[in-house]
Amino acid sequence: MMPVSMVGRAGELAELDRAWSTVVTSRRPALTVAVITGAAGVGKSLLVAAALEAFAPRPAVVLSGAARVHSPAPYDWLAAVLTGRDTSRLDLPRDALAWLAQQPTAPRERYPPGTLLRLAVRVVRLLVAAGPAVLVVEDLHALDPASLNLVGELATAGDLPALLVVASRPAEDAVAPDLAVRALARLCGVRGAVRQHLGPLLPAEVAEVLTQVYADPRPSGRLVRAVWQRTGGNPYALTELLAAHAGRGPEALLRPPPVPRPPRVVPQRPVDAELTGREIEVLGCLVAGMSNKQAARALGISVRTVTVHVSNLLRKTGSASRTEAAIWAVRRRLPVSAPADG
Ligand SMILES: Nc1ncnc2c1ncn2[C@@H]1O[C@H](COP(=O)(O)OP(=O)(O)OP(=O)(O)O)[C@@H](O)[C@H]1O
Ligand SMILES: [Mg+2]
């Protein structure tokens, strides 16, 4: 199944575009904040990506980082930003840069927290330079406290020629809800901050997605309503449902999902250097369109462990979503095979 393109969210896109214009046309360097919240899988990341793609003029600099849930570390956002970036010309102490980038060779010596925060802000300033820049903070709810502090500092510093776009699940889903509440409040309190809370897709938007996948015959109104109810209009649930029934006609969406069976895995064949045996098994589950819960049941491991494997898989395969990771596996003919229909 090919990934579907974004439906709806026109108002949000336009508002983000206006915020970008404010940054670009401002006479003095001034930072604008945009905070996008919403439930898991509601489409925050896709909206950010779509907005970024549409920005005109193109940002001179984009610094984007997400919480790396499998191994939270201080300044994880900045470490993600620095990954693969040439920092040799930045006027900063090498050992501090190595530390902030979480390089394995970094000296173990500890910097006082205040010093590190100042250094981290300076790194961002140097990277942004004259801008105009877009700073993307994905998954704020899962960020480490040091990163939250850094994002708050950047937002309130005010004089960076940048749009700071923050995506977060609601604070109650956060690793540390009280810290997330405080960070979100600080961001939303910045003058002129754009605040968007994404809700589920409307039935007409679900219909649009279904039409992308099943053009002929057009999905019936009855089918659209049933799918909308079944997924609650959540785009992630919708893509999972579509993936689970890929290759069948639209009416299959109304049938109960196939009972997942553990995927057949041939671990001996060398696959791709970096994937572990367990990750390949989990990837097999993604190919089979299973949810994390179903994969956990199929493999006899905890949902939390599956979540960690999925997050590693996304990173290692460079995929933005589980559907993309599944497509990646299929394209490379990995030795994973979907369980038979049960
Ligand atoms: N408006 C939309 N139209 C079509 N598909 C969408 C839309 N929004 C999201 N999707 C799809 O739904 C899935 C989840 O979206 P996305 O990853 O953006 O959600 P999220 O809110 O960032 O989730 P999380 O809280 O897990 O970070 C993706 O596969 C994405 O392509
Ligand atoms: Mg996201």
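Tutor: A helix here is a DSSP run of H or I at least four residues long, and helices are numbered from the N terminus. The model is predicted. By that naming, Arg-9 sits in the segment before helix H1 (10-25).

Student: What makes the phi of Arg-9 worth noting?

Tutor: Its value is near 60°, which is positive, and the residue is not glycine. Most residues other than glycine have a negative phi.

Student: Why are H8 and H9 called roughly perpendicular to each other?

Tutor: The axes of H8 (residues 203-213) and H9 (residues 221-231) cross at roughly 110° and come within 9 Å. Angles of 65 to 115 degrees count as roughly perpendicular, and H8 and H9 are therefore described that way.

Student: Which residues make that contact of H8 with H9?

Tutor: H8 contributes Pro-203, Val-206, Ala-207 and Leu-210, while H9 contributes Leu-223, Val-224, Val-227 and Trp-228. By class, this contact holds eight nonpolar residues, no polar ones and no charged ones.

Student: What makes H11 and H13 roughly perpendicular?

Tutor: H11 (residues 277-287) and H13 (residues 303-317) pack at about 90°, with axes 10 Å apart. The range for roughly perpendicular is 65 to 115 degrees, so H11 is roughly perpendicular to H13. On the H11 side the contact is made by Arg-278, Glu-279, Val-282, Leu-283 and Leu-286. On the H13 side the residues are Val-306, His-309, Val-310, Asn-312, Leu-313 and Lys-316.

Student: How many residues of each class are in the contact of H11 with H13?

Tutor: There are six nonpolar, two polar and three charged residues. Arg and Glu count as charged, which is why Arg-278 and Glu-279 are classed as charged in this contact.

Student: What lies around ligand 1?

Tutor: Around it are 18 residues, of which Val-7, Lys-44, Ser-45, Leu-46 and Arg-169 come nearest. The shell divides into 10 nonpolar, five polar and three charged residues. Helices H2 (44-54) and H10 (235-244) each supply at least two residues of this shell.

Student: Why does the pair of Asp-139 and ligand 1 count as a polar contact?

Tutor: A polar side-chain atom of Asp-139 is 3.4 Å from an oxygen atom of the ligand. The cut-off for N or O pairs is within 3.5 Å, so the pair qualifies. Arg-169 also qualifies, as an N or O atom of its side chain is 2.7 Å from a ligand oxygen. At Val-7, a polar backbone atom lies 2.8 Å from a nitrogen atom of ligand 1.

Student: How many Å² does ligand 1 expose when taken alone?

Tutor: Alone it exposes 630 Å², and the protein buries 87% of that.

Notes: Residues are numbered from 1 along each chain as its sequence is written. Chains are lettered from A and ligands numbered from 1 in the order in which they are written. This is a predicted model: local features need pLDDT of at least 70, side-chain atom pairs count only at pLDDT 80 or more; totals for chains, interfaces and linings use all residues. Side-chain values use heavy atoms; hydrogens and water are left out. Axes are lines fitted to C-alpha atoms, for helices over the stretch in contact, and angles run from 0 to 180 degrees between N-to-C directions. Angles under 35 degrees count as roughly parallel, over 145 as roughly antiparallel, 65 to 115 as roughly perpendicular and the rest as oblique. Contact means heavy atoms within 4.5 Å. A residue is near a molecule or strand if one of its heavy atoms lies within 4 Å of it. A polar contact is a pair of N or O atoms within 3.5 Å; within protein, one must be able to donate a hydrogen and the other to accept it, and residues adjacent in sequence count only if both atoms are side-chain atoms. Accessible areas come from the Shrake-Rupley method with a 1.4 Å probe; for residues, only the protein chains shown count as cover.
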